[in-house]
Amino acid sequence: MQLLLMVACAYPAQASDDTVEITRHFIEAAEEGYRLSAAYSFELNHGLEDALVHGVQLYFTTEVELTRPRWYWVDEKAVRVKRTARISYNVLTRQYHVGIVGSVQQSFATLDDALFLIRRPSRWVIAQRNQLKPGEVYNVSLRMRLDRDFLPKPIQVNAFNNSEWRLEAKKTFQYRAE
């Protein structure tokens with residue numbers, strides 16, 4: 001295991017396009033609550049792909065915060081949720097595995113197929129019906145990133161000091177609750 005971590009650290013991530021672009025983002029009301037529909041556009045650079053193939057699991061965290069502006073006081077934080085997806089590679093089966101932390105895992109034959117699930121996650125219930133007031137306008141902050149906190153400690157040291165291990169996007173927009 002230590003050899004595997006040393007190999008992953010020896011391959012520093014090379015910057016190709018270290019940004020995540022949020023290509024679609026909206027909230028829709030449903031019977032069970034308010035759902036976030038989002039799509040992301042990004043590629044793993046060569047270093048991240050090498051780390052993944054050498055046994056390092058990568059975690060992508062999406063954070064959503066809804067605040068209601070108030071003129072007489074600080075903004076009300078109505079909702080703050082986050083969800084983390086994990087991607088890993090199994091050398092024996094030569095398959096990529098993607099799963100939402102605490103949920104079911106799926107297997108894929110190619111990296112592109114596995115990343116598709118992370119780039120276009122299923123509609124996620126971010127708030128119950130009673131958490132938002134109908135007719136009120138909320139400021140929505142959406143953030144998606146490669147979560148370096150989940151990396152093994154030896155790789156974390158390299159990742160936190162190396163800007164090439166950063167994939168992140170932020171978007172803010174407004175939503176009127178239905």
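Helices here are DSSP runs of H or I with at least four residues, and strands are runs of E with at least two, both numbered from the N terminus. On that basis the protein has four helices and nine strands. The model is a predicted one.

**Overall layout**

From the N terminus, the elements follow the order α-β-β-α-β-β-β-β-α-β-β-α-β. The protein has 178 residues, and 42% of them count as buried. Contacts between residues at least 6 apart in sequence were also examined; 67% of these join residues at least 24 apart.

Helix H2 covers residues 46–53, and its buried residues are Gly47, Leu48, Asp50, Ala51 and Leu52.

**The cavity**

Rolling a probe the size of a water molecule over the atoms shows where empty space is left. Searching the whole structure gives one cavity of 30 Å³ or more. The volume of the largest cavity is about 170 Å³. Its lining consists of 17 residues, and Tyr40, Thr62, Arg83, Ile118 and Pro121 are the closest to the centre.

Which elements each supply at least two residues of this lining? They are strands E2 (33–41), E3 (58–68), E4 (76–90) and E5 (95–100), together with helix H3 (111–119). E2 gives the most, with four residues. By class, the lining of the largest cavity has 12 nonpolar, four polar and one charged residues.

**The pocket**

The largest pocket has a volume of about 150 Å³. Glu63, Val64, Glu65, Arg80, Val81, Lys82, Ser141 and Arg143 line this pocket. At least two lining residues come from each of E3, E4 and strand E8 (137–146). The pocket lining divides into two nonpolar, one polar and five charged residues.

**Aromatic pairs**

Aromatic pairs number five in this model. Two of them are described here. In the first, the ring centres of Tyr34 and Tyr175 are 6.0 Å apart and the planes lie at 75°, so this pair is edge-to-face. The pair links distant parts of the chain, with Tyr34 in strand E2 and Tyr175 in strand E9 (residues 168–176), 141 residues apart. Both Tyr34 and Tyr175 are buried.

In the second pair, Trp71 and Tyr72 have ring centres 5.7 Å apart and planes at 80°. The cut-off for edge-to-face is over 60 degrees, so the Trp71 and Tyr72 pair is edge-to-face.

Are Trp71 and Tyr72 buried or exposed? The cut-off for exposed is over 50% relative accessible area. Trp71 is exposed, because its relative accessible area is 80%. Tyr72 has 51% relative accessibility, so Tyr72 also counts as exposed.

**Charges over rings**

Conventions:
Residues numbered from 1 in each chain as written. Predicted model: local features only at pLDDT ≥ 70, side-chain atom pairs only at ≥ 80, totals over all residues. Heavy atoms only, no water. 1 Å grid on protein atoms, 1.4 Å probe; cavity = no way out; pocket = protein on both sides within 12 Å on 5 of 7 lines; lining within 4 Å. Points joined across faces, edges and corners; volume = space filled by probe spheres on them. Nonpolar A, V, L, I, M, F, W, Y, C, P; charged D, E, K, R; others polar. Phe/Tyr/Trp six-rings, centres within 6.5 Å; stacked < 30°, edge-to-face > 60°. Buried < 20%, exposed > 50% of the residue type's maximum accessible area, 1.4 Å probe, protein only. Contact = heavy atoms within 4.5 Å.
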